[in-house]
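Visitor: I have a model open here and would like to talk through its fold. Can we start with the terms?

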Amino acid sequence: MIHYTPSSLWRLHPEDLQRDLQQRVHAVVSPSSHPCLVFFRADDVAVPSRKFSRLIALFKRRRVPLSLAVVPTWLTPSRWEAVRSIAGDDPFLWCWHQHGYQHKNHEPKGKKCEFGQSRAEADLRRDLRRGWDRLSSIMGPLVFQAFTPPWNRCGATALVLLKEMGYYVVSRSEGAIHAPPRSLADFSINVDLHTRKESQPEAGRDHLLAELETALAGGFCGVMIHHQRMNGPAFDFLDRLLEILSREKRVKLMHLQDLAGTEP
Ligand SMILES: [Zn+2]
C-alpha cells in the first residue's frame with residue numbers, strides 16, 4: 001500500500017491560492033494574447049476510488065479534455081468496468097493511454113525509471129508490448145497508442161522502440177534529455193500540481209504559479225495531475241483552474257490524441 005501525502009502547498013488557505021491563480025492567469029492570457037494549447041494529464045490511473053470519481057466529475061462538469069495514463073498491470077477487467085462507468089465514453093473528453101508497464105523502477109542507481117538505458121532492448125520491447133497488449137485487450141479501441149513513462153523519463157532506446165512499435169505520442173516532462181525520433185510526437189508536461197517537493201507551502205505555491213505563468217505565456221501548457229495525492233484545497237484549485245481556462249477564448253484545451261492530430 002503506497003501512502004500518498006499531499007504536497008505542502010495544499011495546506012494553504014484555498015481562497016488565497018485561487019485569488020493568486022486568477023491574477024497570474026490573467027496576467028498572461030487575455031482576448032488579445034497569442035493562442036495557447038493546454039492539456040491535462042492524470043497519471044497512475046487504473047483503480048477506481050472516491051478521489052478518481054471526484055477528479056472525473058470536475059472535468060465532466062467543465063467539459064475539459066483529460067489524458068489518462070493507465071498502468072497496464074494495475075488494470076483488470078473489473079477495474080476497467082468500474083472506471084469506465086465512472087467516466088463514460090466521450091471521445092471529446094478522454095484520452096486513455098499507456099503509463100509504463102508495471103510502474104516499477106529498474107535503475108540500480110540514480111533517478112527512478114522503468115524504461116531506462118540500463119535495461120536490455122529486448123526487455124524494454126517485451127514490457128512495452130505486454131503493456132500495450134494488456135490495455136488493448138481490456139479496453140479495446142478506447143485506448144490510444146500514446147506513452148507516458150513513469151516518473152516522466154525513459155531512455156533513448158525506449159523512444160526508438162516506441163516509434164518502431166507504432167506509438168503516436170510520448171509525454172514526459174519539459175527538458176527531458178533525449179529527443180524522440182521524428183514522427184513520434186512529443187508533448188511534455190511543464191506544470192506539476194501534486195508531486196511538488198517544496199517543504200515550505202509558500203515556496204510550493206510560488207513555484208507552481210510561476211510554472212503555470214511561464215507555460216501559458218509560452219503558448220503550450222501541460223499540467224500533470226496525481227489524484228491520489230489530492231486533498232480538498234487541491235480539488236478546489238483544479239476546479240478553479242479549469243473554470244478560468246475554459247472561459248478563455250485564446251486557450252485551446254485538448255487531450256493527447258487531438259494534439260497528435262495537430263502535428264504536420
Ligand atoms: Zn506514475
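Guide: Helices (H or I, at least four residues) and strands (E, at least two) are DSSP runs, numbered from the N terminus. This is a predicted model, where local features need pLDDT of at least 70, side-chain atom pairs count only at pLDDT 80 or more, and totals for chains, interfaces and linings use all residues. Residues are numbered from 1 along each chain as its sequence is written.

Visitor: Where does S183 lie?

Guide: S183 sits in the loop between β5 (169-170) and β6 (185-186). Its phi is near 80 degrees, a positive value in a residue other than glycine. Most residues other than glycine have a negative phi.

Visitor: Is S183 buried or exposed?

Guide: S183 counts as exposed because it has 8 C-beta neighbours inside 10 Å. A residue is buried if 20 or more other C-beta atoms lie within 10 Å of its own, exposed if 12 or fewer, and partly exposed in between, with C-beta atoms placed from the backbone.

Visitor: And what is the phi of R63?

Guide: About 55 degrees, positive although R63 is not a glycine. R63 is in the loop between α2 (50-62) and β2 (66-70), and with 12 C-beta neighbours inside 10 Å it counts as exposed.

Visitor: Change of topic. How do β2 and β3 run?

Guide: They run parallel, joined by five bridges; two strands pair if DSSP finds at least two bridges between them. L68 has W96 as its bridge partner in β3. Strand β3 (residues 94-98) has five of its five residues buried.

Visitor: What joins β3 to β4?

Guide: Two bridges join β3 to strand β4 (residues 143-147), again in parallel. In β4, F147 is the bridge partner of Q98. From β3 the chain crosses through helix α4 (residues 121-139) to β4, and this β-α-β crossover is right-handed, meaning that, with the strands pointing away from the viewer, the path from the first strand over the helix to the second runs clockwise.

Visitor: Now α7. Which residues are buried there?

Guide: In α7, the buried residues are A234, F237, L238, L241, L242 and L245. They cover an arc of only 135 degrees around the axis, so they are on the same side of α7; the arc is that of the directions from the helix axis to the C-beta atoms.

Visitor: What does the face turned away carry?

Guide: The exposed residues G232 and R247 are on the face of α7 turned away from its buried side.
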